[in-house]
Amino acid sequence: NQTGTPTVQPMFFVYPEDRNANSLAYQYFYGPGIMVAPVTVENSTTTEIYIPDDIFYDFYTHETVRGHGEMVTLTNVAYTTIPLYYKGGSIVALRAKSANTTTELRKQDFSIVIAPSLNGTASGSLYLDDGVSIEQAAMSCIDFSYDASGHFAMTGSFGYEAGVSITSITVLGTNSSSGASAGAYGNVVTEKAMIIPLTGPRSVQL
């Protein structure tokens, strides 16, 4: 909406300097923060996926995955599961609850997932409008940031009153109660429940 960047991005779009990413035909990013690595062989529960030289976090278990620019083998992948990973350095806004229609989904609050990079920082954004109008009377373009000391900030424009809030913030791979030191990562997951309206700038120490 703002830059023309595609929602579905090939691996080489996110890692343009990684030559191994050029030949990955079925692995891709959904937005800048979630890597999708589907099983493409019928009736198979095993697949090989490419993990770039970066840090990732399993979407379902939140386990830290340190990539080294190599293929890895996944086994026992359920037929109803698509392997997904948060990219290190990303902040992703997820709806806290699902709904049967897009109208009802827009009424649901947000959960924020912070996936720190190797140096402990992360960033992301959230665009909001009424979801219906061709020409928007109001919109919000919200920027999220997180530093290695555990400080979360929300800035940007807040022109659209969505009527929803952030109800939880989850930090992956670090112990936010003691602060995340630069370059430190592990499997500790910290989740904090809170109410942050999406109506103006906010700063929180996690």
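User: Start with Ser-165. Leaving aside its neighbours within four places in sequence, which residues is it in contact with?
Analyst: Keep in mind that this is a predicted model. With those sequence neighbours set aside, Ser-165 is in contact with Asp-109, Phe-110, Ile-195, Ile-196, Pro-197 and Leu-198.

User: And does Ser-165 count as buried or exposed?
Analyst: Ser-165 counts as buried, because its relative accessibility is 14% and the cut-off for buried is under 20%.

User: Which strand does Ser-165 lie in?
Analyst: Ser-165 lies in strand S14, which covers residues 165–172.

User: OK, pockets now. How much space lies in the largest pocket?
Analyst: The largest pocket holds about 1100 Å³. Its lining is made of 28 residues, and Thr-7, Gly-31, Pro-32, Ser-125 and Tyr-127 lie nearest the centre.

User: What's that lining like by class?
Analyst: The largest pocket is lined by 13 nonpolar, 14 polar and one charged residues. Strands S9 (90–95), S11 (122–128) and S12 (140–146) each supply at least two residues of that lining.

User: What about the second largest pocket, what volume does it have?
Analyst: The second largest pocket comes to about 270 Å³. It is lined by 14 residues, with Arg-95, Arg-106, Phe-110, Leu-128 and Asp-129 closest to its centre. Phe-110 is also one of the contacts of Ser-165.

User: Which elements give two or more residues to the lining of that second largest pocket?
Analyst: Those would be helix H2 (102–105) and S11. The largest share is from S11, with three residues.

User: And how do the residues lining the second largest pocket divide by class?
Analyst: For the second largest pocket, eight are nonpolar, two polar and four charged.

User: Switching topic: what's the strand order in the open sheet of six strands?
Analyst: The order is S1-S2-S3-S8-S5-S6, and the pairing is antiparallel. Strands S1 (8–10) and S6 (64–66) are at the edges with a single partner strand each, so one side of each has no neighbour in the sheet. On average, neighbouring strands in this sheet are turned by 35° against each other, ignoring direction.

User: How many bridges join S5 to S8?
Analyst: Three bridges join S5 (residues 55–58) to S8 (residues 84–87), and the two strands run antiparallel.

User: Last one: which residue in S8 is the bridge partner of Phe-56?
Analyst: Lys-87 is the bridge partner of Phe-56.

Terms used
Residues numbered from 1 in each chain as written. Predicted model: local features only at pLDDT ≥ 70, side-chain atom pairs only at ≥ 80, totals over all residues. Heavy atoms only, no water. Helix = DSSP H or I, 4+ residues; strand = E, 2+ residues; numbered from the N terminus. Buried < 20%, exposed > 50% of the residue type's maximum accessible area, 1.4 Å probe, protein only. Contact = heavy atoms within 4.5 Å. 1 Å grid on protein atoms, 1.4 Å probe; cavity = no way out; pocket = protein on both sides within 12 Å on 5 of 7 lines; lining within 4 Å. Points joined across faces, edges and corners; volume = space filled by probe spheres on them. Nonpolar A, V, L, I, M, F, W, Y, C, P; charged D, E, K, R; others polar. Pairing = 2+ DSSP bridges. Axes fitted to C-alpha atoms, helices over the stretch in contact; angles between N-to-C directions.
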